[in-house]
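Colleague: I would like to go through the labels on this model one by one. Please set each value against its rule.

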Amino acid sequence: MDNKQGKEAGAGIKFQSAMAEKQTKKKNKIVGNEKNVEGEAGGEAATENLEFPELGPFETITGQRMPSAFFKFHFKNVEYSSGRHKTFLCYSVEKQGKECERSEGYVEDEHAGTHAEKAFFTDIFTECDGSLRYSIIWYVSSSPCTVCAAKIAEYLSKCPNVELTIFMARLFMWEEAEIHQGLRQLQAAGCRLRIMKGPEYNYCWNTYVDNEGEAFTPWEDLQDSCTFYEEKLHDILQHA
């Protein structure tokens, strides 16, 4: 091997070593952050100060079961969602024809990329047979933004054989008039809008979370927050 080949080989080894070290650090950082969320003792301050992994290219992630730390943090129904820069959408699709087919999973987004609601229709529910009926249920960490609400409403209007129910952990920017309009638009298109309560949290925990056999433990103010958001949603939908 001449000097030039030796230098190139050495550079290649250094590059591979640096990349491996970078990936290891990133993985350790993610695991460490998950443990911090798992160790939350009911106080919101512990989660608001978390440093989540640096975000690379914004992407949509799909899967069957999410880490329990992500569910506990992102689906917590706090009034103001500090540090929650993702939307998680758990879905159940039931296709009703000669035989009933059912599929389940979840979609995770980054707010600066494709939103989870849009990703569901582009990556998951990609074909809609007009001769069949579909019953779809979403459990989302946050209600749809105005743009997503309009697109969902348009889709439902074009596909009357699709029934959609959305259970929401929190209402996104619930004080804004344009958000109110989007939620009313969804309701007018036939979408059922509900706030997640204890039974929905328990169902999601057992269906969409890698819980390692651990039972779901409600946080102290879960029910109070459910009531708060139910009242807000009722007011929004009733006062057009």
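What follows is a short exchange on helix packing, salt bridges and aromatic pairs.

Modeller: This is a predicted model, so local features need pLDDT of at least 70 and side-chain atom pairs count only at pLDDT 80 or more, while totals for chains, interfaces and linings use all residues. Residues are numbered from 1 along each chain as its sequence is written, and side-chain values use heavy atoms, with hydrogens and water left out.

Colleague: Why are α6 and α8 called roughly perpendicular?

Modeller: The axes of α6 (residues 177-188) and α8 (residues 222-238) cross at roughly 75°. Angles of 65 to 115 degrees count as roughly perpendicular, under 35 as roughly parallel, over 145 as roughly antiparallel and the rest as oblique. The two helices are therefore roughly perpendicular. Their axes come within 9 Å. The axes are lines fitted to C-alpha atoms over the stretch in contact, and angles run from 0 to 180 degrees between N-to-C directions. The helices themselves are DSSP runs (H or I, at least four residues), as are strands (E, at least two), numbered from the N terminus.

Colleague: Which residues make the contact between α6 and α8?

Modeller: On the α6 side, H180, L183, R184 and Q187. They meet L233, I236 and L237 of α8. Contact means heavy atoms within 4.5 Å. By class, there are four nonpolar, two polar and one charged residues. Here Ala, Val, Leu, Ile, Met, Phe, Trp, Tyr, Cys and Pro count as nonpolar, Asp, Glu, Lys and Arg as charged, and the others, Gly among them, as polar.

Colleague: What makes E230 and K197 a salt bridge?

Modeller: The rule asks for a side-chain nitrogen of Lys or Arg within 4 Å of a carboxyl oxygen of Asp or Glu. For E230 and K197 the N to O distance is 3.1 Å. That passes. E230 lies in α8 and K197 in the loop between β7 (192-195) and α7 (198-208), so the pair ties together parts 33 residues apart in sequence.

Colleague: Are E230 and K197 buried, partly exposed or exposed?

Modeller: Buried means under 20% relative accessible area, exposed over 50%, and partly exposed in between (1.4 Å probe, protein chains only). E230 has 32%, so it is partly exposed. K197 has 31%, so that residue is partly exposed too.

Colleague: What makes E94, R102 and E104 one network?

Modeller: Shared partners. E94 bridges to R102 with the closest N and O atoms 3.3 Å apart. R102 also meets E104, again at 3.3 Å, N to O. The whole structure has eight salt bridges.

Colleague: Why is the pair F88 and Y106 called stacked?

Modeller: Rings of Phe, Tyr and Trp (its six-membered ring) pair if their centres lie within 6.5 Å; planes under 30 degrees apart count as stacked, over 60 as edge-to-face and the rest as tilted. By this rule there are 25 aromatic pairs. For F88 and Y106 the centres are 6.2 Å apart and the planes are at 25°, so the pair is stacked. F88 sits in strand β3 (residues 88-96) and Y106 in strand β4 (residues 100-108).

Colleague: How do you know that F88 is buried?

Modeller: F88 has a relative accessible area of 0%, so it counts as buried. Y106, at 7%, counts as buried as well.

Colleague: And why is the pair Y139 and Y203 called tilted?

Modeller: The planes of Y139 and Y203 are at 40°, with centres 5.6 Å apart, so the pair is tilted. Y139 lies in strand β5 (residues 133-140) and Y203 in α7, so parts 64 residues apart in sequence are tied together.
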